[in-house]
Amino acid sequence: MSKKKALIITYYWPPAGGPGVQRWLKFVKYLPDFNIEPIVYIPENPSYPLIDESLNSEVPESVTILKQPIKEPYKLAGLFSKKSSKTISKGIISEEKKQNLIEKAMLYVRGNYFIPDARIGWVKTSVEFLSEYIQKENIGTIITTGPPHSLHLIGLQLKERLGVKWIADFRDPWTTIGYHKQLKLTESSKAKHKTLEKQVLTTADQIIVTSFTTKKEFLQLTQQPIEVITNGYDKESVDAFQMDSRFTLSHIGSLLSKRNPEILWKVLSQLIAENDSFSKDFQLNFIGFVSDSVLHSTKKYNLSSYINNVGYVSHKEAIMFQRKSQLLLLVEINSEETKCIIPGKLFEYMVSNRPIIAMGPKGSDVQKIITETNTGNYFNYEDQDSLKRSILEHYKAFQNNALQIYPIGLQKYSRKSLTEALSKLL
(Lines give C-alpha, C1' and ligand atoms only; values in the text may rest on other atoms or scores of the structure.)
Protein backbone atom coordinates (compact mmCIF):
# COMPACT_ATOMS: atom_id res chain seq x y z
CA MET A 1 0.00 0.00 0.00
CA SER A 2 1.55 3.29 -1.13
CA LYS A 3 1.87 6.11 1.36
CA LYS A 4 -0.39 9.16 1.06
CA LYS A 5 1.61 12.33 0.29
CA ALA A 6 1.25 15.47 2.40
CA LEU A 7 3.05 18.73 1.56
CA ILE A 8 4.08 20.75 4.64
CA ILE A 9 4.80 24.45 4.07
CA THR A 10 6.87 25.86 6.93
CA TYR A 11 9.32 28.69 7.48
CA TYR A 12 11.15 27.26 10.51
CA TRP A 13 13.27 24.18 9.88
CA PRO A 14 16.73 23.03 11.03
CA PRO A 15 19.18 24.62 11.51
CA ALA A 16 16.66 27.12 12.96
CA GLY A 17 16.71 27.04 16.75
CA GLY A 18 13.95 27.90 19.21
CA PRO A 19 10.54 26.32 19.81
CA GLY A 20 8.97 27.10 16.41
CA VAL A 21 10.96 24.41 14.60
CA GLN A 22 10.22 21.49 16.93
CA ARG A 23 6.53 20.90 16.16
CA TRP A 24 6.75 19.99 12.48
CA LEU A 25 10.20 18.45 12.74
CA LYS A 26 8.65 15.86 15.09
CA PHE A 27 5.48 15.40 13.00
CA VAL A 28 7.66 14.73 9.95
CA LYS A 29 9.67 12.20 11.97
CA TYR A 30 6.59 10.12 12.88
CA LEU A 31 4.14 10.59 9.95
CA PRO A 32 5.62 7.67 7.94
CA ASP A 33 4.62 5.36 10.85
CA PHE A 34 1.01 6.22 9.98
CA ASN A 35 1.36 5.60 6.22
CA ILE A 36 1.88 9.24 5.27
CA GLU A 37 4.84 10.53 3.27
CA PRO A 38 5.69 14.10 4.32
CA ILE A 39 7.23 16.48 1.78
CA VAL A 40 8.61 19.67 3.35
CA TYR A 41 8.76 23.06 1.63
CA ILE A 42 11.06 25.67 3.21
CA PRO A 43 12.94 28.86 2.25
CA GLU A 44 16.34 28.37 0.65
CA ASN A 45 18.04 31.37 2.29
CA PRO A 46 16.10 32.18 5.49
CA SER A 47 17.12 34.70 8.14
CA TYR A 48 16.69 32.69 11.33
CA PRO A 49 17.16 34.64 14.57
CA LEU A 50 18.41 31.52 16.39
CA ILE A 51 20.55 28.69 15.02
CA ASP A 52 20.85 25.18 16.47
CA GLU A 53 22.98 22.97 14.21
CA SER A 54 22.32 19.94 16.44
CA LEU A 55 18.73 19.75 15.10
CA ASN A 56 20.00 18.89 11.60
CA SER A 57 20.63 15.34 12.81
CA GLU A 58 16.90 14.93 13.60
CA VAL A 59 15.76 15.48 10.00
CA PRO A 60 14.89 12.03 8.56
CA GLU A 61 17.19 11.14 5.66
CA SER A 62 14.27 9.83 3.60
CA VAL A 63 12.23 13.07 3.66
CA THR A 64 11.95 15.16 0.48
CA ILE A 65 12.88 18.81 1.14
CA LEU A 66 11.87 21.47 -1.40
CA LYS A 67 13.42 24.96 -1.28
CA GLN A 68 12.79 28.28 -2.96
CA PRO A 69 14.59 31.59 -2.39
CA ILE A 70 13.04 34.19 -0.07
CA LYS A 71 13.62 37.94 0.13
CA GLU A 72 14.24 38.78 3.78
CA PRO A 73 13.55 42.41 4.73
CA TYR A 74 15.25 41.89 8.10
CA LYS A 75 18.56 41.53 6.21
CA LEU A 76 17.98 44.94 4.60
CA ALA A 77 16.86 46.45 7.92
CA GLY A 78 20.12 45.20 9.43
CA LEU A 79 21.99 47.76 7.31
CA PHE A 80 20.32 50.50 9.38
CA SER A 81 20.37 48.84 12.79
CA LYS A 82 21.67 45.31 13.18
CA LYS A 83 20.61 45.09 16.82
CA SER A 84 17.05 46.35 16.28
CA SER A 85 16.42 44.15 13.23
CA LYS A 86 17.70 41.05 15.04
CA THR A 87 15.62 41.63 18.18
CA ILE A 88 12.44 42.44 16.23
CA SER A 89 12.91 39.32 14.08
CA LYS A 90 13.03 37.32 17.33
CA GLY A 91 9.78 38.92 18.46
CA ILE A 92 11.61 40.95 21.10
CA ILE A 93 10.04 44.40 21.20
CA SER A 94 11.28 46.99 23.69
CA GLU A 95 8.88 48.87 25.92
CA GLU A 96 7.61 51.93 24.01
CA LYS A 97 9.34 54.46 26.27
CA LYS A 98 12.69 52.70 25.65
CA GLN A 99 12.37 52.52 21.84
CA ASN A 100 14.73 54.68 19.80
CA LEU A 101 13.62 56.37 16.56
CA ILE A 102 15.02 53.57 14.38
CA GLU A 103 13.14 50.88 16.31
CA LYS A 104 9.89 52.91 16.21
CA ALA A 105 10.25 53.38 12.46
CA MET A 106 11.07 49.70 11.88
CA LEU A 107 8.03 48.61 13.90
CA TYR A 108 5.78 50.96 11.93
CA VAL A 109 7.13 49.70 8.61
CA ARG A 110 6.97 46.05 9.75
CA GLY A 111 3.38 46.46 10.95
CA ASN A 112 1.89 48.46 8.07
CA TYR A 113 3.92 47.62 4.97
CA PHE A 114 4.42 43.88 5.55
CA ILE A 115 0.96 42.41 6.21
CA PRO A 116 0.61 39.92 7.76
CA ASP A 117 4.39 39.76 8.35
CA ALA A 118 7.85 40.23 6.91
CA ARG A 119 7.72 36.98 4.89
CA ILE A 120 4.86 38.15 2.65
CA GLY A 121 7.31 38.43 -0.28
CA TRP A 122 7.67 34.62 -0.37
CA VAL A 123 3.98 34.02 -1.15
CA LYS A 124 3.86 34.69 -4.91
CA THR A 125 6.97 32.70 -5.90
CA SER A 126 5.92 29.82 -3.62
CA VAL A 127 2.43 29.60 -5.12
CA GLU A 128 3.88 29.48 -8.66
CA PHE A 129 6.45 26.82 -7.79
CA LEU A 130 4.15 24.65 -5.67
CA SER A 131 1.19 24.76 -8.09
CA GLU A 132 3.30 22.96 -10.67
CA TYR A 133 4.82 20.55 -8.13
CA ILE A 134 1.47 19.57 -6.54
CA GLN A 135 -0.07 18.72 -9.92
CA LYS A 136 2.99 16.86 -11.15
CA GLU A 137 3.31 14.77 -7.94
CA ASN A 138 -0.47 14.35 -7.50
CA ILE A 139 -0.46 15.68 -3.93
CA GLY A 140 -3.91 15.74 -2.33
CA THR A 141 -3.21 17.53 0.97
CA ILE A 142 -1.20 20.60 1.91
CA ILE A 143 -0.47 21.95 5.40
CA THR A 144 0.60 25.49 6.22
CA THR A 145 1.94 26.36 9.67
CA GLY A 146 2.27 29.84 11.14
CA PRO A 147 3.57 32.11 12.37
CA PRO A 148 4.72 33.55 10.07
CA HIS A 149 1.03 33.71 9.08
CA SER A 150 1.92 34.80 5.52
CA LEU A 151 2.46 31.07 4.89
CA HIS A 152 -1.30 30.60 5.28
CA LEU A 153 -1.73 32.92 2.30
CA ILE A 154 0.26 30.39 0.24
CA GLY A 155 -2.28 27.76 1.33
CA LEU A 156 -5.20 30.10 0.57
CA GLN A 157 -4.03 30.73 -3.00
CA LEU A 158 -3.21 27.06 -3.66
CA LYS A 159 -6.66 26.09 -2.38
CA GLU A 160 -8.34 28.63 -4.66
CA ARG A 161 -6.20 27.68 -7.67
CA LEU A 162 -6.11 23.86 -7.37
CA GLY A 163 -8.91 22.87 -4.98
CA VAL A 164 -6.38 20.84 -2.96
CA LYS A 165 -7.29 19.82 0.63
CA TRP A 166 -5.76 22.44 2.94
CA ILE A 167 -5.01 22.22 6.66
CA ALA A 168 -3.98 25.47 8.41
CA ASP A 169 -1.95 24.96 11.60
CA PHE A 170 -1.77 27.88 14.05
CA ARG A 171 1.11 27.50 16.50
CA ASP A 172 0.10 30.94 17.86
CA PRO A 173 -3.00 33.09 17.34
CA TRP A 174 -2.97 35.79 14.64
CA THR A 175 -4.61 39.12 15.54
CA THR A 176 -4.85 38.46 19.28
CA ILE A 177 -1.21 37.52 19.87
CA GLY A 178 0.40 39.71 22.55
CA TYR A 179 2.89 41.64 20.38
CA HIS A 180 0.27 42.59 17.75
CA LYS A 181 -0.63 45.74 19.71
CA GLN A 182 3.02 46.86 19.65
CA LEU A 183 3.29 46.97 15.84
CA LYS A 184 1.95 50.56 15.57
CA LEU A 185 -0.81 49.43 13.19
CA THR A 186 -3.07 51.96 11.49
CA GLU A 187 -6.83 51.28 11.51
CA SER A 188 -6.71 50.13 7.88
CA SER A 189 -3.80 47.75 8.66
CA LYS A 190 -5.74 46.27 11.59
CA ALA A 191 -8.74 45.75 9.31
CA LYS A 192 -6.56 44.08 6.66
CA HIS A 193 -5.14 41.65 9.26
CA LYS A 194 -8.68 40.79 10.40
CA THR A 195 -9.86 40.25 6.80
CA LEU A 196 -6.94 37.94 5.95
CA GLU A 197 -7.36 36.00 9.21
CA LYS A 198 -11.07 35.47 8.48
CA GLN A 199 -10.33 34.44 4.87
CA VAL A 200 -7.86 31.79 6.01
CA LEU A 201 -10.13 30.48 8.77
CA THR A 202 -13.18 30.19 6.51
CA THR A 203 -11.38 28.74 3.45
CA ALA A 204 -9.11 26.07 4.99
CA ASP A 205 -10.75 22.63 5.11
CA GLN A 206 -9.38 22.01 8.60
CA ILE A 207 -7.91 24.28 11.28
CA ILE A 208 -5.41 22.98 13.84
CA VAL A 209 -4.57 25.00 16.95
CA THR A 210 -2.20 24.33 19.82
CA SER A 211 -4.48 25.53 22.62
CA PHE A 212 -8.05 25.19 23.86
CA THR A 213 -8.46 28.96 24.26
CA THR A 214 -7.46 29.62 20.63
CA LYS A 215 -10.04 27.06 19.48
CA LYS A 216 -12.72 28.90 21.47
CA GLU A 217 -11.62 32.20 19.91
CA PHE A 218 -11.58 30.84 16.33
CA LEU A 219 -15.01 29.21 16.73
CA GLN A 220 -16.40 32.78 16.74
CA LEU A 221 -14.88 33.37 13.29
CA THR A 222 -15.47 30.17 11.30
CA GLN A 223 -17.73 27.16 10.80
CA GLN A 224 -14.80 25.02 9.62
CA PRO A 225 -13.68 22.12 11.87
CA ILE A 226 -11.04 23.00 14.47
CA GLU A 227 -8.86 20.42 16.21
CA VAL A 228 -6.59 21.04 19.19
CA ILE A 229 -3.25 19.27 18.75
CA THR A 230 -0.90 20.66 21.36
CA ASN A 231 2.85 20.60 21.23
CA GLY A 232 4.43 17.69 23.07
CA TYR A 233 7.53 15.84 24.16
CA ASP A 234 9.76 13.32 22.45
CA LYS A 235 11.95 10.64 23.96
CA GLU A 236 15.29 12.37 24.45
CA SER A 237 18.42 10.43 25.25
CA VAL A 238 20.76 12.34 27.54
CA ASP A 239 24.24 11.54 28.76
CA ALA A 240 24.68 10.44 32.36
CA PHE A 241 24.33 13.40 34.70
CA GLN A 242 24.20 14.30 38.38
CA MET A 243 21.41 16.34 39.90
CA ASP A 244 22.41 19.88 40.88
CA SER A 245 23.86 19.94 44.38
CA ARG A 246 22.37 23.39 44.95
CA PHE A 247 18.65 24.19 45.16
CA THR A 248 18.34 25.38 41.56
CA LEU A 249 15.32 27.07 40.04
CA SER A 250 15.85 27.09 36.25
CA HIS A 251 14.08 29.03 33.52
CA ILE A 252 14.71 27.57 30.06
CA GLY A 253 14.07 29.87 27.08
CA SER A 254 13.66 33.59 26.49
CA LEU A 255 12.67 35.80 29.42
CA LEU A 256 11.54 39.02 27.77
CA SER A 257 10.78 42.37 29.38
CA LYS A 258 7.02 41.83 29.73
CA ARG A 259 7.56 38.36 31.16
CA ASN A 260 9.07 39.68 34.35
CA PRO A 261 7.56 38.19 37.54
CA GLU A 262 8.51 40.77 40.16
CA ILE A 263 6.34 38.92 42.69
CA LEU A 264 8.68 35.90 42.34
CA TRP A 265 11.84 38.00 42.71
CA LYS A 266 10.31 39.53 45.85
CA VAL A 267 9.47 36.09 47.32
CA LEU A 268 12.96 34.75 46.61
CA SER A 269 14.51 37.84 48.17
CA GLN A 270 12.42 37.32 51.32
CA LEU A 271 13.34 33.62 51.56
CA ILE A 272 17.03 34.46 51.22
CA ALA A 273 16.79 37.12 53.94
CA GLU A 274 14.78 34.93 56.32
CA ASN A 275 16.49 31.56 55.89
CA ASP A 276 20.28 31.16 56.13
CA SER A 277 20.41 27.64 54.69
CA PHE A 278 18.16 28.67 51.77
CA SER A 279 20.50 31.58 51.13
CA LYS A 280 23.49 29.21 50.97
CA ASP A 281 21.77 26.58 48.77
CA PHE A 282 19.75 28.66 46.32
CA GLN A 283 20.67 29.36 42.68
CA LEU A 284 18.56 30.90 39.89
CA ASN A 285 19.48 29.60 36.42
CA PHE A 286 18.62 31.56 33.26
CA ILE A 287 19.10 29.34 30.19
CA GLY A 288 18.35 31.48 27.13
CA PHE A 289 18.00 35.15 26.28
CA VAL A 290 17.14 37.39 29.26
CA SER A 291 16.11 41.03 28.75
CA ASP A 292 17.93 43.87 30.50
CA SER A 293 14.73 44.86 32.32
CA VAL A 294 14.46 41.38 33.90
CA LEU A 295 18.10 41.53 35.02
CA HIS A 296 17.47 45.04 36.39
CA SER A 297 14.48 43.74 38.39
CA THR A 298 16.43 40.84 39.88
CA LYS A 299 19.21 43.26 40.82
CA LYS A 300 16.65 45.51 42.57
CA TYR A 301 15.72 42.50 44.75
CA ASN A 302 19.40 41.70 45.47
CA LEU A 303 19.37 38.45 43.49
CA SER A 304 22.26 39.18 41.10
CA SER A 305 24.79 37.12 43.08
CA TYR A 306 22.41 34.12 43.01
CA ILE A 307 21.98 34.13 39.21
CA ASN A 308 23.74 31.80 36.79
CA ASN A 309 23.05 33.51 33.43
CA VAL A 310 24.00 30.82 30.90
CA GLY A 311 22.50 32.34 27.71
CA TYR A 312 21.25 30.46 24.64
CA VAL A 313 22.19 26.77 24.40
CA SER A 314 21.40 23.95 21.97
CA HIS A 315 18.19 21.97 22.42
CA LYS A 316 20.17 18.98 23.68
CA GLU A 317 21.90 21.11 26.34
CA ALA A 318 18.55 22.64 27.33
CA ILE A 319 17.16 19.13 27.96
CA MET A 320 20.16 18.40 30.20
CA PHE A 321 19.51 21.55 32.27
CA GLN A 322 15.85 20.53 32.62
CA ARG A 323 16.73 17.07 33.93
CA LYS A 324 19.34 18.12 36.49
CA SER A 325 17.65 21.22 37.93
CA GLN A 326 15.80 20.91 41.22
CA LEU A 327 12.84 23.07 40.12
CA LEU A 328 11.76 24.36 36.70
CA LEU A 329 10.32 27.83 36.18
CA LEU A 330 7.66 28.70 33.59
CA VAL A 331 6.55 32.34 33.29
CA GLU A 332 3.84 33.88 31.13
CA ILE A 333 2.70 37.49 30.81
CA ASN A 334 -0.24 38.28 33.07
CA SER A 335 -2.87 39.18 30.43
CA GLU A 336 -6.07 37.92 28.82
CA GLU A 337 -4.26 37.40 25.48
CA THR A 338 -1.72 34.99 26.97
CA LYS A 339 -4.22 32.51 28.43
CA CYS A 340 -3.95 30.57 25.16
CA ILE A 341 -0.14 30.36 25.10
CA ILE A 342 1.18 26.87 25.86
CA PRO A 343 4.98 27.00 25.46
CA GLY A 344 6.48 23.93 23.80
CA LYS A 345 8.93 23.61 26.67
CA LEU A 346 6.04 22.87 29.08
CA PHE A 347 5.80 19.33 27.71
CA GLU A 348 9.55 18.78 27.99
CA TYR A 349 9.36 20.12 31.54
CA MET A 350 6.56 17.64 32.30
CA VAL A 351 8.67 14.59 31.38
CA SER A 352 11.87 15.85 33.01
CA ASN A 353 10.58 14.49 36.33
CA ARG A 354 11.20 17.82 38.06
CA PRO A 355 8.51 19.92 39.80
CA ILE A 356 7.32 22.94 37.81
CA ILE A 357 6.71 26.38 39.31
CA ALA A 358 4.49 28.15 36.76
CA MET A 359 3.17 31.71 36.78
CA GLY A 360 0.61 33.29 34.51
CA PRO A 361 -2.96 34.58 34.15
CA LYS A 362 -5.79 32.88 36.00
CA GLY A 363 -7.62 30.18 34.03
CA SER A 364 -4.90 29.66 31.41
CA ASP A 365 -4.42 26.52 29.32
CA VAL A 366 -1.07 25.97 31.04
CA GLN A 367 -2.83 25.90 34.42
CA LYS A 368 -5.28 23.29 33.07
CA ILE A 369 -2.50 21.00 31.78
CA ILE A 370 -0.24 21.28 34.86
CA THR A 371 -3.19 20.58 37.17
CA GLU A 372 -4.45 17.60 35.11
CA THR A 373 -1.00 16.01 34.87
CA ASN A 374 0.05 16.71 38.48
CA THR A 375 3.42 18.04 37.30
CA GLY A 376 3.76 21.17 39.42
CA ASN A 377 2.13 24.24 40.92
CA TYR A 378 0.55 27.15 39.08
CA PHE A 379 0.32 30.66 40.53
CA ASN A 380 -1.41 33.87 39.54
CA TYR A 381 0.42 37.14 39.99
CA GLU A 382 -1.55 37.85 43.18
CA ASP A 383 -0.59 34.53 44.87
CA GLN A 384 2.45 35.81 46.77
CA ASP A 385 1.84 33.91 50.02
CA SER A 386 1.06 30.56 48.40
CA LEU A 387 4.03 30.96 46.01
CA LYS A 388 6.34 31.53 48.96
CA ARG A 389 4.90 28.55 50.88
CA SER A 390 5.28 26.28 47.86
CA ILE A 391 8.94 27.17 47.22
CA LEU A 392 9.70 26.66 50.91
CA GLU A 393 7.97 23.26 50.89
CA HIS A 394 10.01 22.26 47.82
CA TYR A 395 13.16 23.43 49.58
CA LYS A 396 12.40 21.30 52.65
CA ALA A 397 11.82 18.28 50.38
CA PHE A 398 15.17 19.05 48.69
CA GLN A 399 16.89 19.12 52.09
CA ASN A 400 15.41 15.68 52.83
CA ASN A 401 16.42 14.34 49.42
CA ALA A 402 12.73 13.82 48.63
CA LEU A 403 11.99 16.41 45.92
CA GLN A 404 10.01 14.58 43.23
CA ILE A 405 6.70 14.52 41.33
CA TYR A 406 4.11 11.84 40.48
CA PRO A 407 2.77 12.73 37.01
CA ILE A 408 -0.51 11.45 35.56
CA GLY A 409 -1.51 10.82 31.92
CA LEU A 410 1.52 12.18 30.07
CA GLN A 411 1.39 9.66 27.21
CA LYS A 412 -1.20 11.60 25.19
CA TYR A 413 1.32 14.45 24.91
CA SER A 414 4.04 12.27 23.34
CA ARG A 415 5.00 13.41 19.83
CA LYS A 416 4.05 10.02 18.40
CA SER A 417 0.54 10.10 19.96
CA LEU A 418 0.04 13.66 18.69
CA THR A 419 1.20 12.63 15.20
CA GLU A 420 -1.36 9.82 15.24
CA ALA A 421 -4.07 12.44 15.95
CA LEU A 422 -2.73 14.51 13.03
CA SER A 423 -2.68 11.48 10.71
CA LYS A 424 -6.40 10.97 11.25
CA LEU A 425 -7.04 14.47 9.88
CA LEU A 426 -4.93 13.66 6.83
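**Backbone, helices and contacts**

Q: Where is P15 placed?
A: P15 sits in the loop between β1 (4-9) and α1; helices (H or I, at least four residues) and strands (E, at least two) are DSSP runs numbered from the N terminus.

Q: What kind of peptide bond joins P14 and P15?
A: The bond joining P14 and P15 is cis, with omega at about 15 degrees. As background, most peptide bonds are trans, and most residues other than glycine have a negative phi.

Q: What about P147 and P148, which kind of bond there?
A: P147 and P148 are also joined by a cis peptide bond, with omega at about -5 degrees. P148 belongs to the loop between β4 (141-146) and α6 (150-162).

Q: Before I read too much into it, what sort of model is this?
A: It is a predicted model, in which local features need pLDDT of at least 70 and side-chain atom pairs count only at pLDDT 80 or more, while totals for chains, interfaces and linings use all residues. Residues are numbered from 1 along each chain as its sequence is written, and side-chain values use heavy atoms, leaving out hydrogens and water.

Q: How far is N35 from S423?
A: Their C-alpha atoms are separated by 8.4 Å, although N35 and S423 are 388 residues apart along the chain.

Q: And N353, what does its phi look like?
A: N353 is a residue other than glycine with a positive phi, near 65 degrees. N353 is in the loop between α13 (345-350) and β12 (356-359), and its 39% relative accessibility makes it partly exposed.

Q: Back to α1. How many of its residues are buried?
A: Eight of the nine are buried, so α1 is largely enclosed by the rest of the structure. Among the buried residues of α1 are Q22, R23 and K26, along with W24, L25 and F27.

Q: Let's switch to rings. How many aromatic pairs are there?
A: The whole structure has 17 aromatic pairs. W24 and F27 make an edge-to-face pair, 4.7 Å centre to centre with 65 degrees between the planes. Rings of Phe, Tyr and Trp (its six-membered ring) pair if their centres lie within 6.5 Å; planes under 30 degrees apart are stacked, over 60 edge-to-face, the rest tilted.

Q: Where do W24 and F27 lie?
A: Both are in helix α1, three residues apart, about one turn of the helix. W24 and F27 are both buried.

Q: What about Y41 and W122, how are those rings arranged?
A: Y41 and W122 form a stacked pair, 4.7 Å centre to centre with 5 degrees between the planes. Y41 is in strand β2 and W122 in the loop between α4 (101-113) and α5 (123-137), so the pair ties together parts 81 residues apart in sequence. Y41 is buried at 0% relative accessibility, and W122 is buried at 1%.

Q: Which residues form an aromatic cluster?
A: One cluster is formed by F247, F278, F282, Y306, Y395 and F398.

Q: Now charges. How many salt bridges are counted?
A: The count comes to 16, a salt bridge being a side-chain nitrogen of Lys or Arg within 4 Å of a carboxyl oxygen of Asp or Glu. One of them pairs D33 with K416, the closest N and O atoms being 3.3 Å apart. D33 lies in the loop between α1 and β2 and K416 in helix α16 (residues 415-425), so this bridge ties together parts 383 residues apart in sequence.

Q: How accessible are D33 and K416?
A: D33 is partly exposed, with a relative accessible area of 46%, and K416 is partly exposed at 40%.

Q: What does K324 bridge to?
A: K324 forms a salt bridge with D244, with the closest N and O atoms 3.4 Å apart. The pair links distant parts of the chain, 80 residues apart: K324 is in helix α12 (residues 315-324) and D244 in the loop between β7 (226-228) and β8 (247-252). K324 counts as partly exposed at 21% relative accessibility, whereas D244 is buried, with a relative accessible area of 15%.

Q: Last one: which residues are linked in a network of salt bridges?
A: K26, K29, E58 and D234 are linked that way.

Conventions: Buried means under 20% relative accessible area, exposed over 50%, partly exposed in between (1.4 Å probe, protein chains only).
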